[in-house]
Amino acid sequence: MNYSGIKYTDMINGEGIRVSLFVSGCSHYCKDCFNSDTWDPNYGSLFTEETENDILNYFKKYDKSIKGLSLLGGDPTYISNIDPLVSFIKKFKNLFPEKDIWIWSGFTWEAIIESPKLLSLIELCDILVDGKFRIEEKDLNLKWRGSKNQRIINIKKSLELKETIKYID
Ligand code: SF4
């Protein structure tokens, strides 16, 4: 898996102060995508054990001030990103069980719950921002997403209650 960047002390992508990892690879090709360079899974740098440790060490150092981890792209649910992220999240949750994980996906919640592979990653996270960016529904006033079709979903509650539960509208 490659990544295009890591934003430490990110206050834009999710609630509170976060560390955001932007992975490469996306199969959704949304019109007017803000980040089309990252469609290529080979874009950016290789996500190595050293990269993982950089992130984990940052959390250790600033434990109290950081609310959680955000996974963006590209698309974290791009097929070749799933296993490396599952492995990384397991390490992360083991060390920081109280931190929350937000994830963005070009797939909808309905598509994700039909796919065991996608679900293997999503079920480890807390909040999902779902769906493709649709230029026709673009709204600059929206928090944490670019277009109105995208939803901010409480993953644990949605799985527990077997219905789509939004975290906020
Ligand atoms: S899912 Fe995100 S990264 Fe992929 S094409 Fe759409 S806006 Fe771009």
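Guide: Buried means under 20% relative accessible area, exposed over 50%, and partly exposed in between (1.4 Å probe, protein chains only). This is a predicted model, where local features need pLDDT of at least 70, side-chain atom pairs count only at pLDDT 80 or more, and totals for chains, interfaces and linings use all residues. Residues are numbered from 1 along each chain as its sequence is written, and side-chain values use heavy atoms, leaving out hydrogens and water.

Visitor: How many aromatic pairs does a search of the whole structure find?

Guide: The search gives 12. Rings of Phe, Tyr and Trp (its six-membered ring) pair if their centres lie within 6.5 Å; planes under 30 degrees apart count as stacked, over 60 as edge-to-face and the rest as tilted.

Visitor: Why is the pair of tyrosine 8 and tyrosine 58 tilted?

Guide: Their planes are at 45°, so the pair counts as tilted, with ring centres 4.4 Å apart. Tyrosine 8 is in strand S1 (residues 2-10) and tyrosine 58 in helix H1, so the pair ties together parts 50 residues apart in sequence. Helices (H or I, at least four residues) and strands (E, at least two) are DSSP runs, numbered from the N terminus.

Visitor: And tryptophan 102 with tryptophan 144, buried or exposed?

Guide: Both tryptophan 102 and tryptophan 144 are buried. Their ring planes are at 75°, so the pair is edge-to-face, with centres 4.8 Å apart.

Visitor: Different topic. Where is lysine 64 found?

Guide: Lysine 64 is in the loop between helix H1 (49-61) and strand S4 (68-72). Its relative accessible area is 83%, so lysine 64 is exposed.
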